[in-house]
Amino acid sequence: MAIELTEKYLPYVDEQFTTESKKEILTNNDFSFTGSHTVKIYKVSTGAMNDYGRKGANGSNWSRYGAVESLDATTQAMTLTKDRSFTFAIDALDVDETGDALEAASALARQIREVVIPEVDTYTLGAMCKLAGNKPAAKALTKENIYVEIITANKILDDAEVLETNRKLVVTPDVYLLMKQCKDIVMETNIGEGMRIRGVIANLDGMAVMKVPASRLPADFGFMIAHPCATVAPTKLESYKIHENPPGINGALIEGRIVYDAFVLDNKKKAIYYQQMES
């Protein structure tokens, strides 16, 4: 006699592992895009220093202060290019017969967490690497040289007079493993839970160390040191909607749109150091 065993489906969704957005503490929103799609900022030059002509005109110049210069005032235009969207429907019967596993609000939260945030992070971090003001040739990183490479990069930012506070060191899990194996590296790991959630796991040489999934970074990423002043990463529009029983659908229609971009300021690009690994 055949016996059919009972099958049971639990109201539980096996969620994918995801991490919080990383771009927020690596970038700034110093400029408002409200009411416009393009923002232009001025870049103003400075004057040269001269020897003051105490006993008369300075050389062939009529002024004791030196030759009178005209300052340049050029602009950098920042135009938003990323206008992204998604939409999907959930049938009312599917919600009921999956034990509410396809509930609309949960599905929307999952879309933002697993799709939207990783896309924005990947684009922003990619732009920072591409437009970094310091990009040495690719090299192999090992547990023997990783510390020297990092502190050398930090020293280059010092020479460029980048603000010493609030610098971030971005590494992949693989590079972080090299750092843990390096006998010269001693990291301060007493980090608050709020910062850990956002990816900060330690402090090294005055920098917050951020471990970012390799999937959100360019191929052959080694490490990056960045000050948030260098990168403007606006989100002009972020709109998510759940429509219950719209025309033509018995259930929920979920729609989302996000308009964003990332720009590295010309006069502050030296505040980003990107080291690529040899492939």
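**Entry 1: aspartate 205.** I started in the loop between β5 (200–204) and β6 (207–211), where aspartate 205 sits; strands here are DSSP runs of E with at least two residues, numbered from the N terminus, as helices are (H or I, at least four residues). The model is predicted, so I kept in mind that local features need pLDDT of at least 70 and side-chain atom pairs pLDDT 80 or more, while totals for chains, interfaces and linings use all residues. Residues are numbered from 1 along each chain as its sequence is written, and side-chain values use heavy atoms, with hydrogens and water left out. I read phi of aspartate 205 as near 55°, a positive value in a residue other than glycine. Most residues other than glycine have a negative phi. Aspartate 205 has a relative accessible area of 43% and is partly exposed (buried is under 20%, exposed over 50%, partly exposed in between; 1.4 Å probe, protein chains only).

Entry 2: I found β5 and β6 antiparallel and joined by 4 bridges; two strands pair if DSSP finds at least two bridges between them. Leucine 204 stands opposite methionine 207 in β6. The open sheet has 5 strands in the order β5-β6-β4-β7-β12, with mixed pairing. β5 and β12 (272–276) are at the edges with a single partner strand each, so one side of each has no neighbour in the sheet. Neighbouring strands in this sheet are turned by 20° against each other on average, direction ignored (axes are lines fitted to C-alpha atoms, for helices over the stretch in contact; angles run from 0 to 180 degrees between N-to-C directions).

**Entry 3: asparagine 245.** I then looked at the loop between β9 (235–244) and β10 (251–260), which holds asparagine 245. Its phi is near 50°, a positive value in a residue other than glycine. Asparagine 245 is partly exposed, at 48% relative accessible area.

**Entry 4: surface patch.** I noted a nonpolar surface patch of Tyr42, Val44 and Leu71, with about 360 Å² of accessible area together. Patch residues have over 30% relative accessible area and no salt bridge; like charges are joined within 9 Å, nonpolar side chains (Val, Leu, Ile, Met, Phe, Trp, Tyr) within 5 Å. A salt bridge is a side-chain nitrogen of Lys or Arg within 4 Å of a carboxyl oxygen of Asp or Glu. Areas are Shrake-Rupley values with a 1.4 Å probe; for residues, only the protein chains shown count as cover. Tyrosine 42 lies in strand β1 (residues 38–44) and is exposed, at 64%.

**Entry 5: cysteines.** I looked up disulfides, pairs of cysteine sulfur atoms within 2.5 Å, and the count is 0. Cysteine 129 is buried at 2% relative accessibility, and cysteine 182 is buried at 4%.
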